[in-house]
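Here is a short briefing to read alongside the model. Please keep the sequence and the 3D view open as you go.

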Amino acid sequence: MGNFRAIILDFETTGLSPDCGDRTIEVGAVVVEDGAIVDRFQSLMNPGIKVSGFIESYTGITNQMLSSAPPVAEVMRRFAGFIGRHPLVAHNASFDRRFLDAEFARIGHARRQEVACSMLLARRIYPEASCHTLEKLVRYKNLQTTGVHHRALADAEMTAHLWISLVEDLKRRHALREVPFDLLLQISRLPKAKVPAHLDEYRGTLPEVSPEPKTTI
């Protein structure tokens, strides 16, 4: 799949924007390496504010559950150690990146690595899909799922299976032995029409692979 680890993450939050005072209430993340999930991280966290009835209904995370959860700062310090400097991935990454950076800023920590967006990548690799939400893409590719939605770890695991599918399909369709993280970032930022030419150009920079020597009997 590639010679890098990727951390696939997802947040559940009190609302849509940290700029409006919204906070994280749950984080889930999985580590993907060589096409498989090899580690996991999950925790509820107490934001110090009440969540609305809508969020309780949407996520299944109640104020009672959060009242006994560890504080956000404590969880985010542990999460910072978990992700280290590995590349990060999220579906609709701009949302999760804003909350990640806002909560890190509260504990005096700064993100050093890039965050790739599996939704943007899927729009370029699966342009024929009718919709590029996580749930619709999981059904489109018939990927593994627990059937749970809008909980951080379940969504992170679904995104991880999508990420693995994206990378494998990219390799198969474009005859690539490995797909570096930087190439995935480049593809996600390109207009759809320019992706094939970019991949052809990238493949042209790779050394030719010598065929296996034939053996005779």
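**Salt bridges, rings and a sheet**

Arg 111 and Asp 101 join their side chains in a salt bridge, at 2.8 Å from N to O; a salt bridge is a side-chain nitrogen of Lys or Arg within 4 Å of a carboxyl oxygen of Asp or Glu. This is a predicted model, in which local features need pLDDT of at least 70, side-chain atom pairs count only at pLDDT 80 or more, and totals for chains, interfaces and linings use all residues. Residues are numbered from 1 along each chain as its sequence is written, and side-chain values use heavy atoms, with hydrogens and water left out.

**Salt bridges**

- Side chains of opposite charge can pair when their charged atoms come close.
- By the salt-bridge rule, the count comes to 11 salt bridges.
- Arg 23 and Glu 103 form a salt bridge through their side chains, at 2.9 Å from N to O. Arg 23 sits in the loop between strand S1 (6-13) and strand S2 (24-33), while Glu 103 belongs to helix H4 (residues 93-106), so this pair ties together parts that are 80 residues apart in sequence. Helices (H or I, at least four residues) and strands (E, at least two) are DSSP runs, numbered from the N terminus.
- Arg 23 and Glu 103 are both buried; buried means under 20% relative accessible area, exposed over 50%, and partly exposed in between, with a 1.4 Å probe and protein chains only.
- Back at the opening pair, Arg 111 is partly exposed at a relative accessible area of 24%, and Asp 101 is also partly exposed, at 27% relative accessibility.
- Glu 168 and Lys 171 meet in a salt bridge of 3.6 Å, N to O. These two are three residues apart in helix H7 (residues 152-174), which means a separation of about one helical turn. Glu 168 is partly exposed at 32% relative accessibility, whereas Lys 171 is buried, with a relative accessible area of 14%.

**Aromatic pairs**

- The whole structure holds eight aromatic pairs. Rings of Phe, Tyr and Trp (its six-membered ring) pair if their centres lie within 6.5 Å; planes under 30 degrees apart count as stacked, over 60 as edge-to-face and the rest as tilted.
- Phe 79 and Phe 82 make a stacked pair, with 6.4 Å centre to centre and 15 degrees between the planes. Both lie in helix H3 (residues 72-83), three residues apart, about one turn of the helix, and both Phe 79 and Phe 82 are buried.
- Trp 163 and Phe 181 have ring centres 6.2 Å apart and planes at 50 degrees, so this pair is tilted. Trp 163 is in helix H7 and Phe 181 in helix H8 (residues 181-189), so the pair ties together parts 18 residues apart in sequence. Trp 163 and Phe 181 are both buried.
- One aromatic cluster is formed by Phe 11, Phe 41, Phe 79 and Phe 82.

**The sheet**

- Five strands make an open sheet in the order S3-S2-S1-S4-S5, with mixed pairing; two strands pair if DSSP finds at least two bridges between them.
- Strand S3 (36-44) and S5 are the edge strands, each pairing on one side only.
- S2 and S3 run antiparallel and are joined by eight bridges. Val 31 has Asp 39 in S3 as its bridge partner.
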